[in-house]
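Here are my notes on the model, point by point. Keep the structure open while you read.

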Amino acid sequence: MATTTSAAAQRQTGTDAIIQCVGVHKWYGEFHVLKDINLSVRKGERIVVCGPSGSGKSTLIRCINRLEEHQRGQIIVDGIELTNNLKNIELVRREVGMVFQHFNLFPHLTVLENCTLAPIWVRRQPKAEAEATAMKYLERVQIASQANKFPGQLSGGQQQRVAIARSLCMSPKIMLFDEPTSALDPEMVKEVLDVMIGLAETGMTMLCVTHEMGFAKSVADRVIFMDRGEIVEQNTPDEFFTNPRSERTRLFLSQILSH
Amino acid sequence: MTSESGGAGRGAHSGFTLSINDPTVRAVVFQVLIIGAVVLLGWWLVHNTLDNLARRSIATGFGFLEREASFGIGESMIDYHPRDSYGRAFLVGVLNTLKVSVIGIIVATVIGTLVGIARLSSNWLLAKLASLYVEVVRNVPPLLQLFVWYAVITESMPSVREAFNPLPGVFLSQRGIKIPVPESDPVWNWMIVALLVGVAAAIAMTRWARARQARTGQPFPVGLASLGLIFGMPLLTWLVGGAPTAMDVPRVQGFNFVGGATMSPEFFAILFGLSIYTAGFIAEVVRSGIVAVNWGQTEAARSLGLSSGNTLRLVVLPQALRVIVPPLTSQYLNLTKNSSLALAIGYPDLVSIANTTINQTGQSIEGVAMIMGTYLTISLGISLFMNWYNKRIALVER
């Protein structure tokens, strides 16, 4: 069993893989949340992860910047293996941006300070330089006019765009999105998706857990379907939506696309 | 009166009717009734008191403060002699209360913060020990704890003749803790000046470091450098001043010590009793403040690459403080007010001295009024400061 899975992993592993998961397992106590995950992501690839709730998709991308620990297998990000080595974890996190479902902006700092905090304290940039970079990204997500407001004064969609800009200020090589539009009012979903589509066009490596199938169709290079802790199916969006191979995928798609 | 404006708006809309079902009318009626009751009660109390005082022919007023106190006070921060006035005796009590409160607040905050953070530690033993501390200290009445501390010192410590001598010049006995103090020398005064200069230099350096980081991005070890300046300056002054080492060492003479400085068993018991008691509550306040900050804040900070120390300092603590400060204020006020328990172990605090004064002069109303007025002043002072600080760190919402 172990040999076949690692062989499968070898097959997927391209030379330009920026994320490699090989035989990853994770348990929450007795609950087996990730089962033998093998995944390889090329530089510049845009991947959408979908699946029913509790299928382990958020846990998977949270393992990639070690917000969660995996108990078995290997995760290698940008050439660095994630282990208990704190220095390595911090090195990886610098290069991996993360956008959360509930934004997690720092409420005691202004929008601009939210964006400059990490560049100043982690990258040790001069304040003026960090602020210039921050304003550039805030302009890109079209929220530069709110730079001196506090997060509590912004709408959900605006907060999520600030959160994206905050991650981009660290010039990450990879961006992880953990259901970025799930906590938003319907009319604000589009403004966030537009920013993400714009980001995809710049060639950013993106891993996105989302239920926005329109986004998956238009942007993703590959769609990964997870159920009960396993990767059930992965394919191009065209194949995935028109010609799903497994019964579980078909059931899931019929449930979310029925209306 | 706040409901009145809303009610008036509605009343104007529907036309004015004098009904008990109208919220405006209700508000006015209830307020008039309550104010009436309070005034009546107040009048009855004052009238009754004046009547009783007149019947027993007790003179009222604060004239007694000028009279000779003619009782001794165990310890005092200012010169005091039984021949001094009651007013001066009262001042001694106020200063003693302030001494216990101020030092107690500092000690309780330090212990409480450490224990509160320890309770959240992932180290099982540390977390359990901190929990044990909090539960024991919170669930035993403070008066009993003071008795325990007092008994520990007076009962388990040796007599003066057999005083425990852990370090040269330091004596532990039933009479408290005796420590050597330096003999007076102008260099010591200069060292105090140097300490102040060091503090000022540390503040200036912090500003410089902040500006430099903004300019170049390079952080500066502000904490270590500040410590160096604050302790280094006096040390340098001491060396330059010829490094005087003459000490006033306590020694036994007859039945007691002479020389050195003393921490009395009473002061030790009240200070540590109150600090350790209040620290148990402060630990819970600190813990709840840190827990109240959403875990997502830590995750966001860590996923940006911030170290755990910087995450705590730049993200978690600034938000936790806003939850911590209001209940912390209550604990500071509690500690200050609980210092009146000093009466039970014979530490001459404000209440203890006022009590003696009342017993000797019979001026109980004035005495109690002065105690209340003093505690009110101290408490309002603490409240004002903490409210100002709370407002400074409050979050901006929409």
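1. Between the two chains, 31 residues of chain A and 29 residues of chain B are in contact (heavy atoms within 4.5 Å). Together they bury about 2600 Å², with 59% of that on carbon and sulfur atoms; buried area here is the accessible area (1.4 Å probe) lost on putting two parts together, summed over both. On the chain A side, A:His108, A:Trp121 and A:Arg124 supply 24% of the area buried against chain B, more than any other three residues.

2. A word on the ground rules: this is a predicted model, so local features need pLDDT of at least 70 and side-chain atom pairs pLDDT 80 or more, while totals for chains, interfaces and linings use all residues. Residues are numbered from 1 along each chain as its sequence is written, chains are lettered from A in the order written, and side-chain values use heavy atoms, leaving out hydrogens and water.

3. Two salt bridges turn up across the interface of chain A and chain B (side-chain nitrogen of Lys or Arg within 4 Å of a carboxyl oxygen of Asp or Glu). A:Glu90 and B:Arg302 meet through their side chains in a salt bridge, at 3.6 Å from N to O.

4. Now the sheet: in chain A, four strands line up as β2-β1-β4-β5, open and antiparallel (strands are DSSP E runs of at least two residues, paired if DSSP finds at least two bridges). β2 (31-42) and β5 (80-81) of chain A are at the edges with a single partner strand each, so one side of each has no neighbour in the sheet. Two bridges join β4 (residues 72-77) to β5 in chain A, and A:Val77 has A:Ile80 as its bridge partner.
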